[in-house]
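Hello,

Here is the structure I promised to pass on to you.

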Protein chains: 2
Amino acid sequence: MSETYGEKAARLDAIDELGKHREKFALDAGTVYLDGNSLGALPAHVPARMADVITREWGELRIRSWGESGWWTAPERIGDRIAPIVGAAPGQIVVGDSTSVNVFKAVVAAARLSGEDRDEILVDATTFPTDGYIAESAARMTGHRIVPVEPAGMADAAGPRTAAALVNHVDYRSGRLHDLPGITAALHAAGALAVWDLCHSAGALPVGLDAHGVDLAVGCTYKYLNGGPGSPAYLYVAERHQNAFDSPLPGWNSHTDPFAMTPGYEAAAGAVRGRVGTPDILSMLALEAALDVWDGVAIEDVRAKSLALTDFFLECVRAYVPEGRVRSVTPDTHAERGSQVALSCENAPAVMAELIRRGVVGDLRRPDVLRFGFTPLYVGFADAERAARVLSEVLTEGPADLAS
Amino acid sequence: MSETYGEKAARLDAIDELGKHREKFALDAGTVYLDGNSLGALPAHVPARMADVITREWGELRIRSWGESGWWTAPERIGDRIAPIVGAAPGQIVVGDSTSVNVFKAVVAAARLSGEDRDEILVDATTFPTDGYIAESAARMTGHRIVPVEPAGMADAAGPRTAAALVNHVDYRSGRLHDLPGITAALHAAGALAVWDLCHSAGALPVGLDAHGVDLAVGCTYKYLNGGPGSPAYLYVAERHQNAFDSPLPGWNSHTDPFAMTPGYEAAAGAVRGRVGTPDILSMLALEAALDVWDGVAIEDVRAKSLALTDFFLECVRAYVPEGRVRSVTPDTHAERGSQVALSCENAPAVMAELIRRGVVGDLRRPDVLRFGFTPLYVGFADAERAARVLSEVLTEGPADLAS
């Protein structure tokens with residue numbers, strides 16, 4: 001008798017080297033949490049750390065904590081904790097502000113780093129919307145124009161008028177992984193800069209910012225990095241660009257001597273130049289604590305498990321779900337797949353609501369996409385099997401039930 | 001025998017109606033905390049609230065909290081909590097981002113709201129530096145030029161080329177209160193917009209944003225509003241400007257239908273248009289909880305006590321400190337005084353270090369200013385007397401001790 005999918009899941013979980021990290025997270029047995037690509041689960045040690053930050057560092061040390069508790073240097077210190085996860089040497093990442101604000105800094109800075117004769121900024125036509133909105137504003141304010149291009153067409157679209165391109169490493173909707181090394185090289189060949197949005201790749205797969213010569217990058221920290229709701233984003237400025245990095249948001253935190261409080265702005269050296277105002281310490285230190293779960297974890301192992309999980313989930317979906325009820329919009333090819341599976345489905349809003357009611361938490365992207373995110377540090381193969389099984393149950397019970 | 005200053009302090013504390021609020025804060029008897037104008041003290045109920053936010057809302061409800069726990073609407077909800085403190089009707093304030101980022105939004109928006117023929121932006125020449133740095137960037141990106149002007153000279157400086165002025169309500173260094181009603185009226189008479197920075201006035205004295213017809217305003221929440229280290233700032237856009245408010249940071253959170261995720265940007269109506277990216281929920285909800293201390297507090301009462309405290313502190317300083325050792329740079333006139341006393345002093349860095357070692361916590365503004373902030377909800381008259389007494393002790397023990 002051949003192995004069932006449940007048996008296969010148990011076998012794969014038993015030999016999963018990353019499975020031991022699951023106990024670092026606050027999870028409940030009743031839920032399969034496949035929305036860590038939107039909000040990562042809570043690392044179990046974070047509440048105690050934050051109680052100390054709030055009660056002792058804020059409540060007792062108060063203002064002294066800016067120095068004694070290391071608050072002031074948190075943005076660059078935490079940047080250096082994220083750096084190895086995205087393949088960056090230290091000193092190139094600062095944490096702070098939202099992803100949107102960092103997109104603005106990065107696109108304006110890229111536009112300014114390029115030659116005067118380059119007046120076009122290519123923007124991923126399939127981008128998460130905020131990148132497009134913010135790039136449009138950056139272009140308007142620097143006298144550039146936006147050219148929407150699908151990532152696969154970036155190489156052909158880049159030319160002598162291209163200042164920079166803003167591309168998503170993994171598409172938020174389809175889960176498609178774009179060719180960061182190839183697109184970056186093509187942009188460079190055209191004399192343009194590459195600005196990457198890593199929101200859906202950092203912490204899920206190797207990025208290799210330094211190795212592939214990326215110029216600027218941004219990303220959020222509340223998905224695969226588990227920093228907590230709205231935890232601050234980060235900005236990567238490759239070392240070779242730092243001296244010429246010209247921020248549109250030159251707040252006092254990026255001044256070479258902030259407490260001199262001089263009327264004239266003098267930009268600090270290094271990644272710190274990407275800072276703006278006073279950092280949101282509570283959100284930032286929750287992120288810093290959350291990054292402890294990465295100690296001893298190799299991103300290559302995370303990637304291997306991620307692919308195994310999404311392969312297995314797709315296999316279970318094919319086996320369990322009646323033909324024609326869902327269609328994967330996530331590429332089958334490993335080289336083109338991030339760490340989520342997106343299934344196009346009729347009645348998707350009702351289907352997702354029912355899945356959640358039955359303890360399988362994914363999310364919806366209107367109008368018709370069910371998203372299932374696989375976070376290898378705390379999702380296992382039994383989760384993937386159960387999610388596919390419950391999806392099949394929900395779909396076979398038919399639309400009448402779904403409309404309720 | 002006449003009353004001693006200690007006796008007078010006890011008498012004033014005994015009849016102080018606001019004194020009862022002190023128990024709402026985590027304070028220790030050994031410290032006189034006069035740095036609440038930099039980082040407000042911890043409201044005692046905030047740790048329990050944050051434990052619930054982290055453990056239950058993030059840890060258990062996870063992604064559902066964006067709806068069920070009201071995370072998504074926090075920026076505008078908390079804005080409406082701040083509104084009465086600064087004299088604004090609901091629907092005009094959103095919380096989020098740093099003060100610097102909000103200065104950028106406000107100055108760019110003000111420049112765009114003005115006519116094309118107005119190419120000058122007046123900036124408070126004595127401003128906290130980040131406002132100047134950011135205004136310069138805003139001017140550069142909108143084709144305006146910056147004219148530095150002391151607040152007292154704004155009325156004369158404003159003319160047909162003035163698009164807007166950015167002014168601090170209370171000077172961060174001297175504690176001088178500027179004439180918000182008068183300067184706003186003068187700017188309007190010249191056809192220009194008034195953008196106010198309320199960092200050092202909100203929560204310390206009545207602002208009257210609506211009553212005085214202020215156009216745009218920004219402020220931080222970690223000083224007199226006790227929101228916690230780096231808690232998010234806020235942006236006020238007067239209702240009459242909201243439809244034409246044109247943000248330089250049109251992130252997806254300011255879209256009229258964010259989850260439609262359409263490639264084209266359509267600005268939301270109302271204050272929400274000032275939002276940018278995903279809000280930093282932990283920092284934001286700590287602020288929301290901290291605002292509970294304002295329940296039943298009238299800002300007029302806070303102002304009355306603030307003036308009584310700073311009057312009494314100055315009286316004690318004059319009585320205790322040897323002639324000529326310190327000089328107040330804070331105006332004596334009530335109409336020109338915020339809620340801090342700034343004393344110019346030789347050896348100021350060493351003096352402040354020694355004060356802090358002896359439990360009197362103020363701060364330093366280089367090169368020679370000792371700052372003492374008076375936060376009426378948790379600072380009393382005995383604190384003021386003790387601070388002046390310890391200051392006198394430190395100064396009379398001479399420079400030899402100070403150098404140690």
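Let me start where the two chains meet: across the interface of chain A and chain B there are 6 salt bridges, a salt bridge being a side-chain nitrogen of Lys or Arg within 4 Å of a carboxyl oxygen of Asp or Glu. A:Arg140 makes one with B:Asp246, with the closest N and O atoms 2.5 Å apart.

Before going on, a word on the basis: this is a predicted model, in which local features need pLDDT of at least 70 and side-chain atom pairs count only at pLDDT 80 or more, while totals for chains, interfaces and linings use all residues. Residues are numbered from 1 along each chain as its sequence is written, chains are lettered from A and ligands numbered from 1 in the order in which they are written, and side-chain values use heavy atoms, leaving out hydrogens and water.

Back to the interface. Chain A and chain B each bring 73 residues to the contact (heavy atoms within 4.5 Å). Together they bury about 5,900 Å², 66% of it on carbon and sulfur atoms; buried area is the accessible area (1.4 Å probe) that two parts lose on being put together, summed over both. A:Trp58, A:Arg62 and A:Tyr133 supply 15% of the area that chain A buries against chain B, more than any other three residues.

Next, the annotated positions. The UniProt record, an unreviewed entry, places the feature "binding site" at several residues, among them A:Thr99, A:Asp131, A:Asp197, A:His200 and A:Thr278; such annotations may be inferred rather than shown by experiment, feature names are shortened, and positions are given in the numbering used here.

Two of them are worth a visit. A:Asp131 lies in helix H6 (residues 129–142) of chain A (a DSSP run of H or I, at least four residues, numbered from the N terminus; strands are E runs of at least two). A:Asp131 is buried, at 1% relative accessibility (buried means under 20% relative accessible area, exposed over 50%, partly exposed in between, with a 1.4 Å probe and protein chains only). Beyond four places in sequence, A:Asp131 touches A:Val103, A:Leu166, A:Asn168 and A:Asp197.

A:His200 sits in the loop between strand S6 (193–197) and strand S7 (216–219) of chain A, and is buried at 8% relative accessibility.

Best wishes
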